[in-house]
Amino acid sequence: MKKNSLAQRLNHGVLVFDGGFGTELYRRNFFVNTSYDNLVLTAPATVTAIHQAYVDAGAEVITTNTYSANKISLARFGLAEKVSDINFAAVALAKKAAAGKPEILIAGSIGPVPADSDRKLRIEALSGQAQLLIDGGADFLIFESISNVIDLQDISEAVKSIDAEWMPSFVMDADARLADDTPVEKVLQMLENSTPAAFGINCGTGPETTFETVQKIVSMLNLPLVVQPGAGVPKNVDNRFMPMTTPEYFTTYALRYVNLGAKGVGGCCGISPEHISDMVRSLKPMTKMENSEALKVEIKETDLLDPIPTAEKSSFGAKLVSGKFLKLIELTPPQGFDLTDTIAKARLCKDAGFDAINLPDGPRASCRISQVITAAEIQEKAGIETIIHCCGRDRNLISLQSMILGCMAKQISNILFITGDPPKLGNYPFSSGVFDVDSIGLVKLQSRLNRGIDAGGHALGKGVKTAIVSGVGADPNAIDPEREYRRLAEKIDAGAEFIITQPVFDPDALLKFLKKTEHFKVPVIAGVWPFASYRNALFMKTEVPGVVVPDWIMEAMKKADSKEAQRAEGIRIARMLLSEIRDAVRGVATSAPFGNVNTAINVCEGF
């Protein structure tokens with residue numbers, strides 16, 4: 001296997017592919033009666049500029065502009081005699097854009113040959129183009145948009161004469177079937193005697209449908225999976241047809257593909273360099289954590305102090321140990337610096353019997369006043385304990401430790417450790433994510449500090465140790481349940497003392513999750529959030545990763561015929577959910593939608 005091969009790259013991290021090419025040419029006023037492949041000869045500067053835009057966006061695989069550059073397809077434009085010139089020029093232009101970046105792979109793109117041709121000629125056209133691309137310097141071949149068994153049979157025959165890495169990429173519906181109704185199981189059987197380096201999915205009707213396909217097939221594969229959805233078609237929203245695949249929307253799904261196990265991600269028709277750039281900004285910092293060297297300093301057991309028992313760390317810790325049913329409410333710190341209203345709401349929550357105020361850390365990657373300052377003010381002026389969130393997105397290890405020491409100085413003793421949303425999921429797309437450690441690493445860090453040793457293996461001082469109650473998040477509706485359980489086990493092993501779940505709108509999903517995790521013997525506090533309106537529910541369902549809203553809830557919210565009726569329906573549904581899970585969990589973590597604490601108070605009243 002050659003150095004820097006496709007197989008090697010896919011087995012050592014997530015590889016970023018580029019996006020659509022034909023749609024980018026169309027945007028530059030080359031219309032569909034033009035041979036797009038021939039533009040490598042007639043408009044090389046434009047082709048190179050598109051490649052360069054993808055390189056600048058961070059793509060690590062650049063695909064040649066040769067989708068229909070086979071002898072049969074080119075003949076329909078009277079260009080059959082230029083098949084060699086076009087394929088050689090296409091590779092040369094891609095390599096020109098990637099010059100000076102040896103880590104970039106050049107993929108030779110090969111699309112289907114017209115099915116009305118003689119099969120022998122189709123196979124010769126495919127193998128002929130494939131050889132030209134490899135001779136021209138392509139690193140591997142990608143056979144794109146395979147939609148039927150005939151195409152796959154032709155490709156399987158054509159690659160027999162080619163000595164190069166290759167991958168097939170299929171167009172599948174949400175049920176993982178080709179356009180001729182062939183199921184993925186049959187496709188995999190047909191590939192058993194071939195030697196592809198990866199298995200691809202491309203185009204389709206949008207990232208959401210592709211996500212459903214990935215869910216169905218990922219466990220069946222013994223090859224690395226590459227996912228390249230198209231932008232899809234506009235959706236009907238309040239009788240307006242709106243294109244939904246914004247860069248942020250695309251990035252959200254790209255992260256979900258990776259969480260399911262995809263080893264390569266990119267785009268197809270309608271996915272632009274802006275989409276790829278957005279994805280890279282979020283994806284690369286997140287994948288960096290998998291190879292983080294943080295917290296690998298070995299420490300002698302004799303250097304560690306005995307940790308303070310959970311019940312002695314805070315009032316909240318004592319309640320955790322006592323078995324009391326806990327009621328938490330999430331208040332979002334304001335975007336300004338006036339905490340008057342926040343403190344007044346905290347007092348209302350204390351009077352209503354809540355045990356602690358949950359304070360997120362830059363939720364949805366937004367900029368707000370420090371949750372540490374907010375917590376200190378609430379504890380001092382409202383007289384109710386807080387649980388602050390701490391995420392690895394915005395701070396390096398030094399800053400994280402400084403924040404925790406600051407919490408100890410202000411008697412802020414409860415922290416929920418989370419990985420955090422990538423910056424591009426919020427209002428600051430130009431901001432970078434640090435991600436020295438993820439939530440597992442954060443709990444490990446806190447466990448060390450609770451025993452008097454920092455991340456570098458140095459003592460905090462003679463007899464000095466922190467006394468923080470460490471919590472973690474969990475998602476009962478995780479798209480990859482086994483990964484979620486595995487990571488939760490690592491968090492518990494690292495020292496987590498309580499769990500707060502993502503908002504749960506399906507009791508059965510939560511109860512299944514609790515059954516699977518009961519051996520951890522760690523208190524679970526369930527997230528139960530009331531919807532303020534139908535639009536609020538729609539946003540949570542479609543735009544917030546990790547939240548699953550059943551259709552029956554959407555229908556119930558939609559039937560409410562006024563804003564106040566929808567708020568009342570949201571409270572009713574939340575109370576119904578809470579009553580179903582009350583005896584199975586150690587507490588409830590609710591929210592104040594749009595800052596309305598009375599809604600949250602109504603949800604928890606009587607529990």
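This is a predicted model: local features need pLDDT of at least 70, side-chain atom pairs count only at pLDDT 80 or more; totals for chains, interfaces and linings use all residues.
How many nonpolar, polar and charged residues does the lining of the second largest cavity have?

Residues are numbered from 1 along each chain as its sequence is written, and side-chain values use heavy atoms, with hydrogens and water left out.

**View 1. The largest cavity, with a volume of about 50 Å³.** A cavity is a set of points, on a 1 Å grid over the protein atoms alone, where a 1.4 Å probe fits but cannot get out, and lining residues have an atom within 4 Å of a point. Volume here is the space filled by probe spheres set on the points, with grid points joined across faces, edges and corners. Look for Pro112, Val113, Arg122, Leu126, Asp151, Asp154 and Ile155 around this space. Helices (H or I, at least four residues) and strands (E, at least two) are DSSP runs, numbered from the N terminus.

**View 2. The second largest cavity, holding about 30 Å³ of space.** Its lining has 5 nonpolar, 1 polar and 2 charged residues. Here Ala, Val, Leu, Ile, Met, Phe, Trp, Tyr, Cys and Pro count as nonpolar, Asp, Glu, Lys and Arg as charged, and the others, Gly among them, as polar. Strand S4 gives the most, with 3 residues.

**View 3. The second largest pocket, with about 600 Å³ of space.** A pocket is an open set of points with protein on both sides within 12 Å along at least five of seven lines. Of its 27 lining residues, Phe21, Gly22, Thr23, Tyr36 and Tyr67 lie nearest the centre. The lining divides into 8 nonpolar, 16 polar and 3 charged residues.

**View 4. Helices H4 (residues 44-57) and H6 (residues 83-97) packed at about 45°, with axes 8 Å apart.** That angle makes H4 oblique to H6. Angles under 35 degrees count as roughly parallel, over 145 as roughly antiparallel, 65 to 115 as roughly perpendicular and the rest as oblique. Axes are lines fitted to C-alpha atoms, for helices over the stretch in contact, and angles run from 0 to 180 degrees between N-to-C directions. Contact means heavy atoms within 4.5 Å; among the residues making it are Pro44 and His51 of H4 and Leu93 and Lys96 of H6.
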